Amino acid sequence: MRDVIERAEIEGIELVRFLYADHGGVIRGKATSRTRLAERLHSGIGHTVAMMAMNMLDQLQEVEHFGPVGEVRIMPDPSTFVPLPYSPGAAAMASDLVQLDGSPWGACPRTFLKEAIAALESEGYALEAAFEPEFTLGHRVPGPDGGLDRFAPLDDSLCYSTIGFDVAHDYAIRLVRTLETQGLRVEHYHPELGHGQQELSIRHAPALRAADNQLLYRETVRGVALRMSMWASLAPKPLADQAGNGAHLHLSLWDPEHHANLFVGDPDLMAAFVGGLIAHLPGLTALTCGTVNSFRRLAPRMWAGAYAVYGPDNREAAVRVCSPLGQTGSVNLELKPSDSSANPYLSLGAVIHAGLDGIRRKLDPGDPVLVDPDTRPGAYPRLPSSLDEALDALEADALLMSALGPLRSSAYLAVKRSEAAAFKERDTAFELFHHLRVF
């Protein structure tokens, strides 16, 4: 805490944002002034419980225990303090939602991930993870006849093309420098398949830090674009006729001190973890692909992993077993049905619970799939094709519902079902606009 206060003074920080992700996947928060920072690091900032029943359209849902009566505190984690170079004079911290006595609140997403990490540690394991986000860069332009804004992509360059590198160069350099300033280690970058689509990946980290990184990444991608008079969207499908934006989730199990990757040389451990993922994938999808817009992307032949299968370097399988350079066994898994509209704490926490269930029950994932599963109709189980289907699967998954607990599960289902109903009543333009402006 002393370090945070000193940095705020030295770096001229006037406002510090306490950030959290809600059940709609929206990043929200409140800010304290520098003059009150020392106090707020201890007390947090008061917040109505009702906000965790708010959907992405800012429509409050009627959920028991999430009404006008009741308060929690947004409690920042000082270890996550970072300046926001795209917003001079501002900084941010990832935060928990706690009860007034400081104890964990049963609807806090970040606490959910902490509990999943603790459960994994009780079995002698730790998890390293990295989100691999894609996003679309361009401009918001007025819609015809005064209608909703449309999204105009920055370019129409080809996948991995050097023209794409050159068009987005100034933005990409500023983004890399900003992320590195904030402690996010950039792995690689390239222009992707869709018009204006970019991919920039961050180095893997312990599970909680990985989710915090995804929170900060989303903020930074958008913030840098705004400072350059552009718009960046991490929505799964901001342009209906272009490739979707995923946030593939890379996973590996380590010893508790994070010294050794336990997947190396232990194929049985990896198989059991994969078995847990496969067993729970239908319900998991409601948490890793959490919006109506997600299911425009999560379709066969989109390299999004629309089938509940796994395979070595199979980019149409939901779980890809990644092959590293120069080693005889895989060291990590890639969960492909995952995007940046998901709450990263709920998403990663649920993945841990699913994988841990596989380890505890020694679940067999079956045979790896070595072909595009869509070429063999009926041979492989299809993941849910809509948010409603995914929510039904989540509600039917006893393990995931128990892990979420009554407060989180009731609020999450209510928020997401309200979104599914709201977008069902409106046209495609309405859906694309609202996901563009939020994610």
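# A guided tour of the predicted chain

Residues are numbered from 1 along each chain as its sequence is written, and side-chain values use heavy atoms, with hydrogens and water left out.

**Whole chain**

Switch to a cartoon. The protein chain holds 12 helices and 16 strands; these are DSSP runs (H or I of at least four residues for helices, E of at least two for strands), numbered from the N terminus. The radius of gyration is 21 Å, close to the 22 Å from the globule rule for 439 residues, so the chain is as compact as a globular protein of that length. That radius is taken over C-alpha atoms, and the rule is 2.2 Å times the number of residues to the power 0.38. Along the principal axes, the C-alpha atoms fill a box of roughly 60 × 50 × 50 Å.

Colour by burial next. Of the 439 residues, 59% are buried, where buried means under 20% relative accessible area, exposed over 50%, and partly exposed in between (1.4 Å probe, protein chains only). Among contacts (heavy atoms within 4.5 Å) between residues at least 6 apart in sequence, 71% join residues at least 24 apart.

**Residues 11-102**

Select 11-102. An unreviewed UniProt entry annotates this stretch as "domain: GS beta-grasp"; such annotations may be inferred rather than shown by experiment, feature names are shortened, and positions follow the numbering used here. The stretch is 8% helix and 38% strand, with its end C-alpha atoms 29 Å apart.

Now pick Asn55, in the loop between strand E3 (45-48) and strand E4 (71-76). Is Asn55 buried or exposed? Asn55 is buried, with a relative accessible area of 0%. Leaving out residues up to four places away in sequence, Asn55 touches Arg28, Gln61, Val415, Ser418 and Glu419. For a distance check, the C-alpha atoms of Asn55 and Glu219 are separated by 19 Å, and the two residues are 164 apart along the chain.

**Strand E10**

Move to Glu199, in strand E10 (residues 197-202). Glu199 counts as buried, at 4% relative accessibility. Beyond its neighbours within four places in sequence, Glu199 is in contact with Glu132, Pro133, Glu134, His188, Tyr189, His190 and Glu192.

**Helix H12**

Select 428-438, which is helix H12; eight of its 11 residues are buried. Which residues of H12 are buried? They are Phe430, Glu431, Leu432, Phe433, His434, His435, Leu436 and Val438. Show what these buried residues pack against: strands E7 (126-141), E8 (150-153) and E12 (231-233), and helices H6 (207-227), H8 (294-297) and H11 (398-424).

**Two loops**

From E7, go to the loop between E7 and E8, where Asp145 lies. Asp145 counts as exposed, at 85% relative accessibility. Its phi is near 60°, a positive value in a residue other than glycine.

Finish at Arg301, in the loop between H8 and strand E14 (307-312). Arg301 also has a positive phi, near 65°, and is a residue other than glycine.

Technical notes: This is a predicted model: local features need pLDDT of at least 70, side-chain atom pairs count only at pLDDT 80 or more; totals for chains, interfaces and linings use all residues.
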